[in-house]
Amino acid sequence: MYFPSVIVLLFAALVNAELNTIIQLPEACDGGYCVPKHLCPTGRANNVPVLGQNGVIALEVDEDNECGDFMKICCKDSNTISNMTDYKCGISNPQGLVYQVRSNLTYAKYAEFPWTVAIFEITSSSEERELTFAGVGTLIHPKFVVTAAHTLNDSTRYIARFGEWNLESDAEIYPTREIDIQVNCHFPLFGRKFTHEYDIAFAFLKEPVIYTEHIRPICVPSEQEIFVGKRCIAAGWGWDPRTGQSASIMKRMELKVVHRRRCEVLNRRLGIRHPQHRDFMCAVAAGDQNACIKEGGTPLVCQRDDGSYVLAGIALRRLDCEQSDDPAVFVNVTKFADWLHDTPELYDEWRAKKENKTLENGN
């Protein structure tokens with residue numbers, strides 16, 4: 001007997017009970033997801049399956065379908081899609097997943113911060129394209145990643161990698177997912193005044209990412225939220241002053257958000273004319289941790305009273321890491337809350353109009 005709910009369970013379970021078999025995430029198709037025909041024989045998960053003679057599913061070997069595989073079908077079910085994409089924002093995996101990480105250095109646990117995205121520049125046009133690490137982003141929506149504007153160049157192609165932890169290994173139990181960045185959208189005032197102001201951007205994905213236990217979004221703050229005095233966390237990759245080289249495993253740094261006045265000395269040293277610009281926020285290392293970020297776009301996330309995390313800051317620039325007590329400087333995300341909430345909807349409207357215009361011109 002066929003049960004539609006089985007599809008949801010199989011989609012959500014990436015490994016079996018013994019953690020031996022990895023189940024690949026299904027690809028998106030028009031209004032659904034490409035799944036094996038035995039899971040969705042009619043293309044509608046809630047419909048009674050219509051099987052062939054003797055209760056078997058007919059397979060047309062020469063069939064040409066949108067999934068590119070005659071053994072698959074585009075399964076269209078709103079409940080299934082909802083279960084795969086609608087996760088509550090800001091939910092971490094505080095104990096990590098699967099692995100127990102042991103090290104003399106402080107690293108994030110595997111999948112501890114499922115919203116952290118590795119961004120790579122595509123440096124080769126060949127089939128075996130070469131990727132160069134460019135910075136870090138933060139997932140806020142199935143189709144949108146937020147990062148620092150200076151990490152994305154309009155004339156360069158990028159991809160976003162989700163579910164990453166160890167940049168030098170592909171042996172993690174859950175597969176990473178790479179999606180091309182289709183459009184970069186910098187904040188309108190970025191680059192018009194001083195180099196470091198308004199350093200925030202959207203990366204619009206070519207296709208939506210599917211949420212799982214190790215790939216989930218962060219919450220976007222409201223304009224009213226205040227983070228001064230809070231102990232927050234930055235997690236990403238890049239230069240690690242503890243080892244003197246770039247980190248391959250995701251770093252985890254605890255930082256305390258301080259008032260902008262604490263940043264005046266640092267800002268003067270870096271030659272910034274307006275050290276107390278309202279779009280900046282600063283955080284100092286907690287305990288004996290170093291505040292060196294060293295890669296653009298790294299998210300600073302703070303925990304709310306309900307236990308969820310919210311995106312408070314985005315790493316603004318690279319520090320020289322000479323002084324461990326130097327505050328790290330971030331874009332204050334609350335100052336861009338309205339832009340972050342409104343831009344995705346405006347982009348969807350713009351793209352729909354563009355697609356309609358293309359169809360009209362084609363006709």
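At 30% relative accessibility, Arg129 counts as partly exposed, where buried means under 20% relative accessible area, exposed over 50%, and partly exposed in between (1.4 Å probe, protein chains only). Arg129 also has a partner: Asp180, with the closest N and O atoms 3.1 Å apart in a salt bridge. A salt bridge here is a side-chain nitrogen of Lys or Arg within 4 Å of a carboxyl oxygen of Asp or Glu.

A word on ground rules before the details. This is a predicted model, so local features need pLDDT of at least 70 and side-chain atom pairs count only at pLDDT 80 or more, while totals for chains, interfaces and linings use all residues. Residues are numbered from 1 along each chain as its sequence is written, and side-chain values use heavy atoms, with hydrogens and water left out.

**The chain as a whole**

- The protein chain has four helices and 15 strands; these are DSSP runs, numbered from the N terminus, with helices (H or I) of at least four residues and strands (E) of at least two.
- Of the 363 residues in the protein chain, 48% are buried.
- Take the contacts (heavy atoms within 4.5 Å) with a separation of 6 or more: 69% of them are between residues 24 or more positions apart.
- The accessible surface of the protein chain is about 18,800 Å², and carbon and sulfur atoms own 47% of that. Accessible areas come from the Shrake-Rupley method with a 1.4 Å probe, and for residues only the protein chains shown count as cover.

**Salt bridges**

- Side chains of opposite charge can pair when their charged atoms come close.
- A search of the whole structure turns up 10 salt bridges.
- Back to Arg129 and Asp180: this pair links distant parts of the chain, 51 residues apart. Arg129 sits in the loop between strand E4 (116–122) and strand E5 (131–141), and Asp180 is in strand E8 (residues 177–186).
- Arg161 pairs with Glu164, with 2.7 Å between the closest N and O atoms. Arg161 counts as buried because its relative accessibility is 12%, and Glu164 is buried too, at 5%.
- Glu213 and Arg216 meet through their side chains at 3.2 Å, N to O. Glu213 is partly exposed, with a relative accessible area of 35%, whereas Arg216 is buried at 4%.
- Glu112, Arg231, Arg252 and Glu254 are linked in a network of salt bridges.

**A negative patch on the surface**

- Glu223, Asp338, Asp342 and Glu345 gather in a surface patch of negative charge.
- Patches are made of residues with over 30% relative accessible area and no salt bridge; like charges are joined within 9 Å, and nonpolar side chains (Val, Leu, Ile, Met, Phe, Trp, Tyr) within 5 Å.
- For the charges themselves, Lys and Arg count as positive and Asp and Glu as negative, with His and the chain ends not counted. The place of a charge is taken as NZ of Lys, CZ of Arg, CG of Asp or CD of Glu.
- Glu345 lies in helix H4 (residues 337–362) and counts as exposed because its relative accessibility is 52%.

**Loop residues to look at**

- Val333 is in the loop between strand E15 (328–332) and H4, and counts as buried at 0% relative accessibility. Setting aside its neighbours within four places in sequence, Val333 is in contact with Pro221, Leu311, Ala312, Gly313, Ile314 and Leu340.
- Val333 and Glu225 are 108 residues apart in sequence, with 9.9 Å between their C-alpha atoms.
- Thr151 lies in the loop between strand E6 (144–147) and strand E7 (158–162), and is buried with a relative accessible area of 9%. Beyond its neighbours within four places in sequence, Thr151 is in contact with Ala134, Tyr158, Gly296 and Gly297.
- His259 is in the loop between strand E11 (245–258) and helix H3 (264–269), and counts as partly exposed at 34% relative accessibility.

**Positive phi without glycine**

- Val98 is not a glycine, yet has a positive phi of about 70°. Val98 is found in the loop between helix H2 (78–85) and E4, and is partly exposed at 45%.
- Ala111 has a positive phi as well, near 65°. Ala111 is also placed in the loop between H2 and E4, but is buried, with a relative accessible area of 10%.
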